Amino acid sequence: MSLQTPRVLPAHLHAFHPSSAGARSTHTVRLLGTVTGLRGDTATITCGGNGDVTLILKPDSHLQMGKLVEVVGKVTDLEGGQGLGIRVLGTMDWGNPAECDYKAYENVVDATHRFKSIFYDAE
Amino acid sequence: MDGGYSYNSFAGQGGGGGYMPGEMNSPAGGKSGDRDNKTLRPVTVKQVADATQPYPEAPYQVDGADVANVLFVGQVRNISLQSTNVTYKIDDGTSEIEVKKWIDSSTADNMDTDDGKVAGVGKTEVQLNGYARVFGAIKSFGNKRYIGAHSVRPLTNINELHCHMLEATAVHLFFTRGPPGGAPAGAGANAAGAGGGDAMMGGADDYTAGQNRALASMSPLARRVYSLLKTEPQDDIGLQMQDIASKLNLPPTDVARAGEELLSAGVIFSTMDEQTWAILDG
């Protein structure tokens, strides 16, 4: 089986944390959000009305403020006990957030988890 | 046109009509279905990976229904330019698959989405790690499954990606649970069967699935009549049209029309006379 990267919202991150589900084979997820903060090696994305997520960037990550990005990364603990974040494996720039119907993405996340059999293997 | 449900139109539908879904699984039906089944299904890459073949060389099946062509979107993880084809590795987050697009330099009659000339510079170029929309047929070489692509084009609007995922889900649900709205066709027993098919992805109980598919494309009225015929206690003769009309509290003309629909699909048959029907099953 190749690597599966479930599409998620910030609220789902805990379910993909290495400690919370021992049996779960994948900790790698996909997130969609607008870049709202850039601080050198970390960044913040805002996922519609679903909250913010902190990203731990790779040296070759190119993020631009205000752009919509799709992030593939591993769920990890942030330094200093600041909760969960994403260690970035790859990003994809989708341009202007205004052109994306975020509601559609929320529905995609819902559908992919509700009708899992066509998207992801059961853990 | 509503009034046109005469026996003539019925005969016309039968003559020019498509294959009964139930036939798809017979070897002969499968063969001819290969040519006549021109469906294009939106799928996830995982569904392609999970697609089954009832017997070698048979058309691939997803959710128990034959698929001729598939449509999916994913990120391009690798592009390998060869002398006769371009091979892409496509990852949509559910699985990965190789997509081969043959280079046909002789035809100028290419779609504007054509990417046969990858080496050239153009706005239709598919980029590494960018998203692409693929349309092609499931093929296999040895034990390796791949897509023989008719078209691979870049996808730049994220809404198209989301729309595709939802469409794939909707079509999956259509095949496993029947059409939206209305009670599941054939009530309890079939619903359970559909659930089983869902879990197995292959849909082993093809007969039930076949009936479901036949019903799936029908009017809600026809499905109600079918459901009544299925559940109502009756003898071999089945139920009379007037009887059905009064039980469902519907005008007899509507029931007659629903009956025509079910008859032409071959899921019910007439017994005593033209207006008495019973369910056609084993």
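User: Is B:Leu161 buried or exposed, and why?

Analyst: A residue is called buried if 20 or more other C-beta atoms lie within 10 Å of its own. In this predicted model, B:Leu161 counts as buried because it has 25 C-beta neighbours inside 10 Å.

User: Where is B:Leu161 found, and which residues does B:Leu161 touch?

Analyst: Helix 4 of chain B, spanning residues 158–177, holds B:Leu161. Leaving aside residues up to four places away in sequence, its contacts are B:Val73, B:Tyr131 and B:Leu155. B:Asp92, 69 residues apart from B:Leu161 in sequence, has its C-alpha 9.7 Å from that of B:Leu161.

User: Which strands pair with strand 2 of chain A?

Analyst: Strand 1 (residues 28–39) of chain A pairs with strand 2 in the antiparallel sense over five bridges, with A:Thr34 opposite A:Thr46. Two residues separate these strands in a hairpin, and A:Gly40 in the turn has a positive phi of about 65°. Strand 3 of chain A is also antiparallel to strand 2, over five bridges; here A:Asp52 stands opposite A:Thr46. That hairpin has five residues between its strands, and A:Gly48 in the turn has a positive phi of about 55°.

User: In what order do the five strands of chain A close into a barrel?

Analyst: The order is 1-2-3-5-4, with mixed pairing. From one strand to the next, the twist averages 55°. Strands 3 and 5 of chain A run parallel, joined by three bridges, and A:Thr54 stands opposite A:Gly85 in strand 5.

Key. Residues numbered from 1 in each chain as written. Chains lettered and ligands numbered in written order. Predicted model: local features only at pLDDT ≥ 70, side-chain atom pairs only at ≥ 80, totals over all residues. Pairing = 2+ DSSP bridges. Helix = DSSP H or I, 4+ residues; strand = E, 2+ residues; numbered from the N terminus. Axes fitted to C-alpha atoms, helices over the stretch in contact; angles between N-to-C directions. Buried ≥ 20, exposed ≤ 12 C-beta atoms within 10 Å, placed from the backbone. Contact = placed C-beta atoms within 7 Å.
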